[in-house]
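Dear colleague,

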Amino acid sequence: SKGRLVCTLADPHDATPTGARLSVSGPAGIALLGKRVGQTIHWKLGDKLRRFRIERILYQPEAAGDLHLI
C-alpha cells in the first residue's frame, strides 16, 4: 500500500522513536542525505525493505542559506 511519510532529519540525540524525527546516522537518515526531489530511497525497516520517493523537501538549511545550522 502507498502511504506518506513526513519526517525531519535530526541529530541522533533529538531523534524520536515514532519516526517523525529520523537520526541522520540511522539507516533512513543515511539513505536520505544528499538526495533530491524525485529520487527514490530504499532502507530496511524491520524485516522489510521499504521504498520511498521524495516528493518535497520542505526545508534544507544549506539551500535556505542557514549555514550556521549545519
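**The pocket and its lining**

Within this predicted model, strand S3 gives the largest share of the lining of the largest pocket, namely five residues. The space in that pocket comes to about 1600 Å³, and its lining is made up of 41 residues, among which Leu5, Cys7, Leu32, Ile54 and Arg56 lie nearest the centre. Besides S3 (40-45), the elements that give two or more residues to this lining are the strands S1 (8-10), S2 (21-23) and S4 (48-53), together with the helices H1 (27-32) and H2 (61-64). When the lining of the largest pocket is sorted by class, 21 residues are nonpolar, seven are polar and 13 are charged.

**A patch on the surface**

Val6, Leu58 and Tyr59 make a nonpolar surface patch of about 360 Å². Of these, Val6 belongs to the segment before S1, and Val6 counts as exposed because its relative accessibility is 62%, where the cut-off for exposed is over 50%.

**The chain as a whole**

The secondary structure consists of two helices and four strands, which follow one another along the sequence in the pattern β-β-α-β-β-α. Taken along the principal axes, the C-alpha atoms fill a box of roughly 40 × 30 × 15 Å, and 20% of the 70 residues of the chain count as buried.

With kind regards

Conventions
Residues numbered from 1 in each chain as written. Predicted model: local features only at pLDDT ≥ 70, side-chain atom pairs only at ≥ 80, totals over all residues. Heavy atoms only, no water. 1 Å grid on protein atoms, 1.4 Å probe; cavity = no way out; pocket = protein on both sides within 12 Å on 5 of 7 lines; lining within 4 Å. Points joined across faces, edges and corners; volume = space filled by probe spheres on them. Nonpolar A, V, L, I, M, F, W, Y, C, P; charged D, E, K, R; others polar. Patch = residues over 30% accessible without salt bridge, like charges linked within 9 Å, V, L, I, M, F, W, Y side chains within 5 Å. Areas by Shrake-Rupley, 256 points an atom, 1.4 Å probe, with all protein chains shown as cover. Salt bridge = Lys/Arg side-chain N within 4 Å of Asp/Glu carboxyl O. Buried < 20%, exposed > 50% of the residue type's maximum accessible area, 1.4 Å probe, protein only.
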